[in-house]
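The model is a predicted one.

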Amino acid sequence: MVIPNECVRQQYWRFMINIYEDWCPQPIKPDQDAYREMVYNGVWEPVISNIGKAFLELSSVRDSIGGEHNVQGFFKAWLGVCDYSILCPEMELNYGFSDFVMLPLRNHHPQAKHCYIFEIKYVKQDAPAEEANAKYVEAEAQIKQYSASPRLLKAIHGCTLHGITVLFRGPHMEPPHPILKFEV
């Protein structure tokens, strides 16, 4: 698309910015201080809580069609802007694929000592408690399997590994479950 003159171009972009500000109350870039605390000190709860709140505010009923994949995409976008770590989605570990592994960028941040394995699970809003519990059990087994991977252990040497399950019931995030935490 070509916009013929500068005046029309400015009107077009001002219109787009106004629409974005009306529909997206969350800032474009999440709080880097919270990410710093996550990677340096292992304080992950505020970051995950903010992502859950943002998903609830920004998602629509139509987003439920994609289920777990939609939530994973949202997490990838929000975790991917962290300046202190690298996000590895679908990393192959011990004959399986983790949803996300966050590794600190230790060449730029040598004091960063915390890394994460996230398993994102999704159930429909009206799903019975047994289904949600089964997802937690499945995620716990996956995290334990992935955390024993020699490839991961080599990558995180000198760090504390946190394994965390995040379950969404429709657009609502349940309290995250920390599965494991150990130093390598």
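The buried residues of helix 2 pack against helix 3 (45-58), helix 4 (68-79), strand 1 (85-89), strand 2 (100-104) and strand 3 (114-123). Helix 2 itself spans residues 32-41, and its buried residues are Q32, A34, Y35, M38, V39 and Y40. At the N-terminal end, helix 2 is capped by D31, which places a side-chain oxygen 3.1 Å from the backbone nitrogen of D33. Just after helix 2, the residue G42 adopts a positive phi of about 80°.

The largest nonpolar core has 29 residues, of which F75, L79 and F118 touch the most other members. Two or more residues of this core come from each of helix 2, helix 3, helix 4, strand 2, strand 3 and strand 4 (160-169). A second core, separate and made up of 14 residues, includes I117, I156, C159 and L161.

Residues up to four places away in sequence being left out, F118 touches M38, I48, L79, D99, F100, M102, I164 and V166. One of these partners, D99, carries a charged side chain and lies in the loop between strand 1 and strand 2. D99 is buried but forms no salt bridge. Which side chain makes a polar contact with the side chain of D99? That partner is Q72, at 3.0 Å. With neighbours within four places in sequence set aside, the contacts of D99 are E68, Q72, C88, P89, E90, F118, E119 and I120.

The distances quoted for individual pairs are collected below.

| Pair | Description | Distance |
|---|---|---|
| D31 and D33 | side-chain oxygen to backbone nitrogen | 3.1 Å |
| D99 and Q72 | polar contact between side chains | 3.0 Å |
| D99 and K121 | nearest side chain of opposite charge to D99 | 5.2 Å |
| C115 and C159 | nearest cysteine sulfur to that of C115 | 4.7 Å |

The cysteines complete the description. The structure holds 0 disulfides. C115 is accordingly in no disulfide, and the sulfur of C159, the nearest cysteine sulfur, is 4.7 Å away. Is C115 buried or exposed? C115 counts as buried because its relative accessibility is 0%. C88 also counts as buried, because its relative accessibility of 18% falls under the 20% cut-off.

How values were computed: Residues numbered from 1 in each chain as written. Predicted model: local features only at pLDDT ≥ 70, side-chain atom pairs only at ≥ 80, totals over all residues. Heavy atoms only, no water. Buried < 20%, exposed > 50% of the residue type's maximum accessible area, 1.4 Å probe, protein only. Helix = DSSP H or I, 4+ residues; strand = E, 2+ residues; numbered from the N terminus. Contact = heavy atoms within 4.5 Å. Polar contact = N/O pair within 3.5 Å; in protein donor to acceptor, adjacent residues only side chain to side chain. Disulfide = S-S within 2.5 Å. Core = buried A, V, L, I, M, F, W, Y, C linked by side-chain atoms within 4.5 Å. Salt bridge = Lys/Arg side-chain N within 4 Å of Asp/Glu carboxyl O.
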